[in-house]
Amino acid sequence: MTTLTEPRHARAIERGFLARLVDRLGGGLIQVALVLIAVFWLVPTLGLLVVSLRGETENNSTGWWTLFSKPAQVTFENYGNLLASGFTSSFWNTVLITVPATVLVIGIAAMAAYAFAWIDFPGRDAVFLVVVALLVVPVQIALIPIAKMYGALDIFGSILGVVLFHVAFGLPFAIFLLRNFFVGIPRELLEAARMDGAPEWRIFATVVFPLAKPAIASLGIFQFLWVWNDLLVALVFADTANQPMTKALQSQMRQFGTNVDILAPGAFLSLIIPLVLFFAFQRYFVQGLLAGSVK
Amino acid sequence: MASIVLNGVDKIYAGGVKAVNGLNLEIRDGEFMVLVGPSGCGKSTALRMIAGLEDISGGEIVIGDRVVNHLPPKDRDIAMVFQNYALYPHMTVEENLAFGLKLRKMPKAEIAKRVNEAAKMLGLEQYLKRKPAALSGGQRQRVAMGRAIVREPQAFLMDEPLSNLDAKLRVSMRASLNQLHERLGVTTVYVTHDQVEAMTLGDRVCVLRDGLLQQVDTPQNLFDNPVNLFVAGFMGSPSMNFTYAELVRDGSGAAVAFAGYRLPVPDSTFAEKPGLDRYIGKKIILGIRPSDFEDAVAANGNAAGWVRIPVRANVTEELGSEINVLFTIDAPPVEHKDTVAAQNDGDEEETTLPLSGDKSLWTARVNARSHVRPGQNVELVVDTHNLHFFDVDSGLSIGHEANVGR
């Protein structure tokens, strides 16, 4: 950073006081604008949090922002009710669906992508084209045939069925993304490992996989969010005992009432986990892991 | 350590491109062999075939006493240094050095010992805990060397390992490479396009062109006795001067005539080059090294018996230790396919003067004490014992032992 700021500083002195003032103001204004946009974006989430912390009667009579003038409204009753209502089981269902669906996609896609990028097998390019073509197949057209097949396999309604569906539809994009990242890894690096005596799986595990962390982290977040937030697949394939949070929340909708004291804390819970995950992995997004390898 | 033998090795790429064509080469145990040639000549492909990174289309490669054609790289017991170093960026220097040993399930104590020895040898001790990103280009290059050294392999393969370094560092690394080879005595195959590197490093140098072996010999022999126009033009900097000339013999002895000049050819030359006398009265291509010229004034009495030729200096390049004098002679430039190939790909930056079709540009390397200036007339002397003669059609050196009977 010092090397970046120093020349800029020197230039600012050269350009005199007024220029510097404009510089500061300009930078400040941009930052203010960015903060405003971010806050604006966060308002609904904040509202959701506040609503989840107010009792049903308050929510039905006054707006959520009144909490700031009357903080006494705060109650954790909604969360207590939510936990008592058996919502926890749907939370665990979501976890049981999302974690395997993410891990499997990353594992299978990384190995497939390695093969597509670095192993010369007959028909490689044709198979890869098919994988890319699968990207455009919409989920909806597969619902009925897969449902029939699950019926025949007797996994309809189970968590396994939901997981397999997510894995199948997550793979084309995952393979596509990782393969394109792997291709960018210098060939000499793999050749050096080969000369060092590493067998193929070892090159994959100790050279390519560690270098692909940024791509794998991005892919992981994407896949995790898709599965975590999915409603359609859960509605079709998960029965009530195996339903994830999204489906449980959806079933709380009433024709004549909002049922907001259940929906708000449930929705907020389903939102907080992906956020935590994102912050946990974000350092991988900015790292330049290939620096210093070649040249 | 082991010798490496290539027997009629071919490499044909998909699409029918023949990158290496019937290459026969014996690299002796402990020898430093340099493969040199213009880009696309197949030198890197040949190296990669020895390494096992490319399939062999034909022929066989023997390392030690094993035919290794179908062995994977890890079973050939050789180490390679890549042009771009190819260090593992997520490992420290220490881990980079140890990686190959760990894979061979070597005991930890032995790994540590070898890594430390190599680090000491290469001056990398204080960088062992650093990652490659925190090293300079020269240090990365040394780590790449170290990764090969710790393996203690049968042979080192090096693919232009110095070409990413700046000029000064390259010279000092060249010297350390030489020392390293002296010390370890491991058979080394070294690929470069830089003929200076080839001359300074190689015990023997192998010149390749379009996948075909041109000549294998010691650097000095390559320089003194090139087998054909291509080798003559490629090796040496500045490169050899060529012209069409006629070989004549009259009352005063044999001579070669070109562009209004007439250089006597000593009898010893005919003895050294059997078959040269058959070209008397015929057209040949004459080659003279820039270093076989000297300024008549600077040469003074030392050049007894050398022939004087007056020329007009067009350009002078003063290099401090010597001066390159560029001058034109009244003869059309030699446009043999071999000389063209050698010129295009040598990394020489030729000063190109606007030449009319019947002039060719020559270079003479004279002593720095010469007072020659651009535009001046100067008298040069030529060492007529080192004239090179080539056949006009084949481009082969006349009387070279490899060409006799060809």
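**Domains, contacts and cores**

Mentor: Start with chain B, which is divided into domain 1 (4–228) and domain 2 (234–390). The model is predicted.

Trainee: How do you know where the bounds of these domains come from?

Mentor: The bounds come from an automatic or database domain assignment. The C-alpha centres of domain 1 and domain 2 of chain B lie 37 Å apart. The contact between them takes 12 residues from domain 1 of chain B and 10 residues from domain 2 of chain B.

Trainee: What makes two residues count as in contact?

Mentor: Their C-beta atoms, placed from the backbone, must lie within 7 Å. On the domain 1 side in chain B, helix 6 (195–201), strand 9 (204–209) and helix 7 (219–224) each supply at least two residues. By class, that side has six nonpolar, four polar and two charged residues.

Trainee: How is chain A divided?

Mentor: Its assignment gives domain 1 (2–75) and domain 2 (89–286). Their C-alpha centres lie 34 Å apart. Seven residues of domain 1 of chain A are in contact with seven residues of domain 2 of chain A. On the domain 1 side, helix 1 (2–52) and helix 2 (56–61) of chain A give two or more residues. Helix 1 of chain A gives the most, with five residues. That side of domain 1 of chain A has three nonpolar, three polar and one charged residues.

Trainee: How far can I trust chain A, and what is its mean pLDDT?

Mentor: The mean pLDDT of chain A is 85, and 90% of its residues reach 70 or more. Over residues 1–10 of chain A, however, the pLDDT is below 50. Beyond near neighbours in sequence, that stretch has zero contacts in the model. Where pLDDT is low, the predicted coordinates should not be read in detail.

Trainee: Why is a set of residues called a nonpolar core?

Mentor: Its members must be buried residues of the listed nonpolar types, joined through C-beta atoms within 7 Å. The largest core here has 160 residues. A:Leu178, B:Leu157, B:Val189 and B:Cys206 have the most contacts inside it. Helix 7 (residues 159–183) of chain A gives the largest share of this core, 11 residues.

Trainee: Which residues does A:Leu178 touch?

Mentor: Not counting residues up to four places away in sequence, A:Leu178 touches A:Ala109, A:Ala110, A:Ala113, A:Ala212, A:Ala215 and A:Leu219.

Trainee: What makes strand 4 and strand 5 of chain B a pair?

Mentor: The criterion is at least two bridges. Strand 4 (residues 58–63) and strand 5 of chain B have two bridges, in the antiparallel sense, so they pair. B:Val62 stands opposite B:Val67 in strand 5 of chain B.

Trainee: Why are strand 2 and strand 5 of chain B called edge strands?

Mentor: Four strands of chain B form an open sheet in the order 2-1-4-5, with antiparallel pairing. Strand 2 (18–27) and strand 5 (66–67) of chain B each pair on one side only.

Key:
Residues numbered from 1 in each chain as written. Chains lettered and ligands numbered in written order. Predicted model: local features only at pLDDT ≥ 70, side-chain atom pairs only at ≥ 80, totals over all residues. pLDDT = per-residue confidence, 0-100. Nonpolar A, V, L, I, M, F, W, Y, C, P; charged D, E, K, R; others polar. Buried ≥ 20, exposed ≤ 12 C-beta atoms within 10 Å, placed from the backbone.
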